[in-house]
Amino acid sequence: IKVQISKDGVETYTYNLNSSGNYEVFPLSEGNGSYTIKVFENISGNQYSQAFSQTISVQLANELSPFLYPNQFCNFRADSAVVSTAASITAGISDPLSKVQAIYNYAVDNISYDYQKAATVQSGYLPVPDSTLASKTGICFDYAAVMTSMLRSQDIPTKLVIGYTGGAYHAWVSVYVTGQGWVDNIIYFDGVNWRYMDPTFASSGKGNAAITSYITNPANYQAKFTY
C-alpha cells in the first residue's frame, strides 16, 4: 500500500504504508494550504489502483510542528537510544546552537560511511536511527535520520532533506535557529560564522580541504523533498 500527499504547486510525496495495523506519521511539510491525500493498493508488479482520495485544508497551529516530531523517516520514541544519547551529548548545554554543534560533532566522529550498504541499498529503504547508532555505520540517509532524530528530541526544529549534490542522490539536514530562521543544509560553526556543512561528506572527508570547500558551497545542493 502506498500513500501520496501533494500540495498545489509542490512535489508529490510518496510513502509506503505498513499493513501491521500500527499508526504511522507522515508530515505536512509544505506548511498551510490544501493537501490531497491518496492511497494506492498494489495490483501486481509495479501496478497500483487508487483506493482512496481526500482533500483537506491545513492550518498549522505552529509552522514548525512538522519538524519537531518523529515520522517514518526519522523514527524515534522517548525510550530510543538516539534520544538518550542526544540528552547525554547535550547535558549541561542550554544554547540551541551549541546543542547543534555537539550533535553534529558526535555524528561526524562516531558514524563511518558504509560503502557496501550504499552499493546495495534497495528502493524504499527506511533508516532506523537506533540501529545506525549501534553499528556506527550508515549511508547519507542514516546520518541525516540520526541527526534529525537527536535534534528534534532536543526541541530543535529540523528538516530531513532529500535531494541532489551534483548528480548524486543525497540526504542532509537543515535546522531552525530562533532569531535567524532556517539555516539550510547542516551547518558548521567555525568560531565566527555558521557555515554549510554535510555530516556524511565531513565524516568521510576527514578534514580534506577539497571536500570542505565543496560542502560549504550551497550551490552544490538542490533540495527535492523535505521530511
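Guide: Let us begin with polar contacts: a polar contact is a pair of N or O atoms within 3.5 Å, and within protein one must be able to donate a hydrogen and the other to accept it. Please note that this is a predicted model. Here, the side chain of Ser29 lies 2.7 Å from the backbone oxygen of Thr226.

Visitor: Where is Ser29 found, and is Ser29 buried or exposed?

Guide: Ser29 belongs to the loop between β2 and β3. Residues under 20% relative accessible area are called buried, so Ser29, at 11% relative accessibility, counts as buried. Leaving aside residues up to four places away in sequence, Ser29 touches Tyr13, Tyr35, Pro66, Phe67 and Thr226.

Visitor: What is the order of the strands in the open sheet?

Guide: The sheet has 4 strands in the order β2-β1-β3-β4, paired antiparallel. Because β2 (13-16) and β4 (47-58) each have a single partner strand, they stand at the edges, and one side of each lacks a neighbour in the sheet. On average, neighbouring strands are turned by 20° against each other, direction ignored.

Visitor: How many bridges join β3 to β4?

Guide: Strand β3 (residues 33-44) is joined to β4 by 11 bridges.

Visitor: How are two packed helices described?

Guide: They are described by the angle between their axes and the distance between the axes. The axes of α1 (residues 81-89) and α5 (residues 140-153) come within 9 Å and cross at roughly 65°; the two helices are therefore roughly perpendicular. Their crossing is right-handed. Val82, Val83, Thr85, Ala86 and Ile89 of α1 meet Ser149, Met150 and Ser153 of α5.

Key: Residues are numbered from 1 along each chain as its sequence is written. This is a predicted model: local features need pLDDT of at least 70, side-chain atom pairs count only at pLDDT 80 or more; totals for chains, interfaces and linings use all residues. Side-chain values use heavy atoms; hydrogens and water are left out. Two strands pair if DSSP finds at least two bridges between them. Axes are lines fitted to C-alpha atoms, for helices over the stretch in contact, and angles run from 0 to 180 degrees between N-to-C directions. Buried means under 20% relative accessible area, exposed over 50%, partly exposed in between (1.4 Å probe, protein chains only). Contact means heavy atoms within 4.5 Å. Angles under 35 degrees count as roughly parallel, over 145 as roughly antiparallel, 65 to 115 as roughly perpendicular and the rest as oblique. A crossing is left-handed if the near helix is turned anticlockwise from the far one by less than a right angle, and right-handed if clockwise.
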